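Colleague: I am new to this structure. Could you show me how to read its features?
Modeller: Gladly; let us take them one by one.

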Amino acid sequence: MFPIYLVVVTPVASRFSGHGFIALNAEAKGLRGLTYGKDLVRAFVPIYRNVDPTEGEVSIIPYGAGQQTIRWAIVSAGDCGEQKYGETEKTIEVIAGPPEVVVQDRYTTEKPIKRIRSPNGAHEIRVFKERYEVYDLHTGAKVLDRAGVDPSFSPTGRFVASRGESGVIDLLSGKQIANVGPGDNFLAWVRGDSFAINGGVGWEDLTIVSTLTEDRKPLKVRTMCGMCRSLSDLKILVDVDNGYAAGISGEWRLLNLVTGEIYPADAARYETLIETNDEANRAEEDRLFDAGHSQWQDSQQLLGLIQRSFNSDLKRLPENAGSWNLGEPLKLSHVTSGRNSDQPELQRRSLVRHTDATEKQADAGMRPGALRGRRQTSRGIELDGSPVVPDLPSNLSPATVADLTFDRLKEVGLSTTPLSALEVMYKLSGSSRTSTLKKAHDIVADIGSKLSATGRKSLANGLIDCDQSVAPFDGPDLIWHWRDQSFDRWVIHASCRDGDTHQRNGALALVRAGTPDEVLDLSSAFETSNPIEGLQWELGDGARIFHLSDDLLAIEFGGNAFVISVKTGTRQGAAISLVDGNLLAQFRLAVGNRHLVQVNSDGRVFVYRLHDGQKVLSGVYVDGEIVLANDAGFYDNTFDGAQDVQVRFPGIAGLYYYNQFESILRRPGLVTSVLHDEQHVIPDAAPIQAPPLINLSIASVSANGKRAVSVTAQGEQELSSIRLYIDGRLLETRTVSGLRVSSAFEIADPGGGRWVSAVAVDRSGITSLPSAARLPGPPVARGTLRAVAVGVDFYSDRRLPGLTYAASDAQRIATMLNASKGRSVEGVVVTPITNEAVTPKSVLSAIESASASTEKDDTLVVSFSGHGVEGRSFGQPDVGLALTTSITNIDQLATTAVPWSSIARSLSKARGSVIVLLDACHAGATEGLGTNEDAAKELTASGAPIVVLAATKSRQQSFEGAGGGIFTTSLIQFVAKARAAGVLVDMSELYGAIKGEVVRTEKGKQTPWLVRNALIGDMSLF
């Protein structure tokens, strides 16, 4: 009988649940070579064999929002070729998931150790020490941030895997694939990456699992010796066309890929009972093993099963260990070569190769500010090749990261208690084991001298039950010590190596001099009834201990945290499953002793309730700022941290800037409410519908010098308008209606290097992500650049500290802008005002004149280097924040300084793009002087389209180097390099480069920042 299937075809961002089918990923070879729906995800339901199920269920789980089309047909493969019957399709509307708060510094200066580009070009891995991040190359959004080493992509790039707790992650759904990870040995893939095969070394399971189904049990085949290797010592058959996978070691196992059933059935039942480890099932375990074990070892039983139910043409099973019968070449994304050196040629042929993008640091697809729509092209302009050394977690010790983070957490209401004293008295060193063990025995003897006879006997008997004939207990690995009032306390970790598996067993003991129970085995605190088979396996690799308070210890091992009472040795509250516990920098207790706070070495923060172990808050320390959020999507942050807050809607690619959701999602006092369990204050879910989706495409220039722009948009609510922008400036707003619209625009060609962006707005005022395209071709000069460059070094009021390079910075900015003529703009008019020429009248007059002359195709730049003052600090609240001039008298600010609000009103009259370069907080500033943050608030308060590029964040100083301010020098150097390359400077590219250079030069003490108002998409500046 020729093969025939019901084939269900779904969008790529889909997964399945149910039974009675085989799921294949997009582009994977279809069953029997069928090509129907090959470019999409498919479920094949076989309906031609007696063994095929007569009923089943294909549940489709979509992970993409908007309209999704599902189709299905009966498809056969026979002598007449592929035939299709009764094709049907259905279009459904998928609603995006609830909002999630994401913290991402789009202009980070942190450079990864390595970058890896996915085979499909959709994602990139950035590798850091003991962790990695994955970015969407199309949108620039961070989609994954995990602990793990040796990350890599699957053959198609849909999955990413790393060694560690993260295992394998589906990048389209965010799902972790159950029971599969690179482990100690290898990770292989079948049918593209529709199936994953993972294997270890020494009594470890080889696991085969479908990567696209939610509820299928994996097939597990165990190696039969302590030094066996899954890759080279097992026999593996995976026959997707015939619907089975099998493995043979000392025993055999088979997985029906259609139904999910595992054979032999009694062996599968036996292994389930073993996993539950329930004493009540011991009799059934013994019965199943005694009755079936001999059959489980009989490979002829396996051959007969395959011939009867799956493939009658199979004549024999693989005879040699290390045989891989997959029907296709073996593909490995991970392999540990040292343990498989007997098969180096297999590894060389089978390892999946990925693009190393480490040297492509300036690729625009990953560049901060890359927007939805056509991908931007790289220009690769950098200031220099020096490594960036920012004030970021990757460049600081874990202890320093923890101290900085805990200090800033207080500003959002999370105060913690400092750790109590704790010293490491002893740590076993492998390089000098004999001498260090002697030291350990001496320390244990000294501890024993401070105990009673009973306590000394407990220590003498050893801390762990080892097989003395194979691996005798030879001393502790770690000893911690502290004093509680006038008594000594110790925690001792000991381990030994198991004789059969060579894995390390471990134990912890709490030793308390001067108490009735001087030596406590802490295994009861971890709820482990059999320490050797439970706790000690986990503790073989050691534990980390933090002295939270006089009475409490926090112990981390195996990715879990346990808070232990020193008085009783019992656990307080529930066991806590940590997020990326291997990156733990420090634990502390929140004030009130009801919550445990975890800070990781990468700056991430997690807060857990002690009584039930639930995570209630998560966040991050980035660029000196804090953001904390709950699972419902509500957040709070320190002020400058707001620019790193973004919102993700599951099902929609990309991240949305926080500002349009801030009024709903930002909840000042959130942390206090959570810590006091005031859940009624915060809703369970944010009342936000997903933003619209939009796509933009641009045609080539026509004979009349015009470009046709096509826009399609859809939303969960009725759309109200489509807005079109050129270089961030609004060109046209078109009123629309309906859930789905298409609109055509015609624009005059603005020339190469310019940005065209479109957004859709729904009736609630929620805006889509921009869909943007950077026009190809050489730059075309357009409009006039007008500029006012102000710099003041000397002040008549001696209470204002003098500066060195403010005036020269203004002159250098003027020179840089004058060079734009004929390149990005047709004409340049620059007015430099420095030192004694800087008066309230001269500054306001120059800005008002330039603003009034700035037309829609023009650009206005205002540069200021000097001091700002806050009127409230000097008893003049009506003045507000003001720009100081050479004649400023602090006692008479109203007549001798220029209020920033007045400057903002003047700038709002400009009809073109407005850019402010702000350096208003120089080194040596005194109390009462305004900050760049204050000035930026004033400048953007009017709502006029404006970009403010400031030299520093609010709490920092702006430093000067040889010949000028660090900020201004970096700006001028980058623009010069761009001009030498013959390209225009984009706003995002400029800011990213300046931030990296300034942070590197000043080692994180000065961080430029960017504020933009009413300007959409990227824009070309100079």
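**Reading the model**

Colleague: What does the side chain of Ser851 reach?
Modeller: It reaches the backbone oxygen of Ser906 at 3.1 Å. A polar contact is a pair of N or O atoms within 3.5 Å; within protein, one must be able to donate a hydrogen and the other to accept it, and residues adjacent in sequence count only if both atoms are side-chain atoms. This is a predicted model: local features need pLDDT of at least 70, side-chain atom pairs count only at pLDDT 80 or more, and totals for chains, interfaces and linings use all residues. Residues are numbered from 1 along each chain as its sequence is written, and side-chain values use heavy atoms, leaving out hydrogens and water.

Colleague: Is Ser851 buried or exposed?
Modeller: Buried means under 20% relative accessible area, exposed over 50%, partly exposed in between (1.4 Å probe, protein chains only). Ser851 is at 0%, so it counts as buried. It sits in helix 13 (residues 840-853). Helices (H or I, at least four residues) and strands (E, at least two) are DSSP runs, numbered from the N terminus.

Colleague: Where is Glu27, and what is its phi?
Modeller: Glu27 is in the loop between strand 3 (22-24) and strand 4 (41-46). Its phi is positive, about 75°, although it is not a glycine. Glu27 counts as exposed because its relative accessibility is 51%.

Colleague: And Asp580?
Modeller: Asp580 also has a positive phi, of about 50°, and is not a glycine. It lies in the loop between strand 35 (576-577) and strand 36 (584-589). At 13% relative accessibility, Asp580 counts as buried.

Colleague: How do I read a sheet?
Modeller: Strands of a sheet pair through backbone hydrogen bonds, either parallel or antiparallel. Two strands pair if DSSP finds at least two bridges between them. Here, an open sheet of four strands has the order 47-46-49-50, with antiparallel pairing. Strand 47 (729-735) and strand 50 (771-774) are the edge strands, each pairing on one side only.

Colleague: How many bridges join strand 46 to strand 47?
Modeller: Six bridges join them, and strand 46 covers residues 719-726. Leu724 has Glu732 in strand 47 as its bridge partner.

Colleague: Which peptide bond is cis?
Modeller: The one from Tyr263 to Pro264, with omega near -10°. Pro264 lies in the loop between strand 23 (262-263) and helix 2 (265-276).
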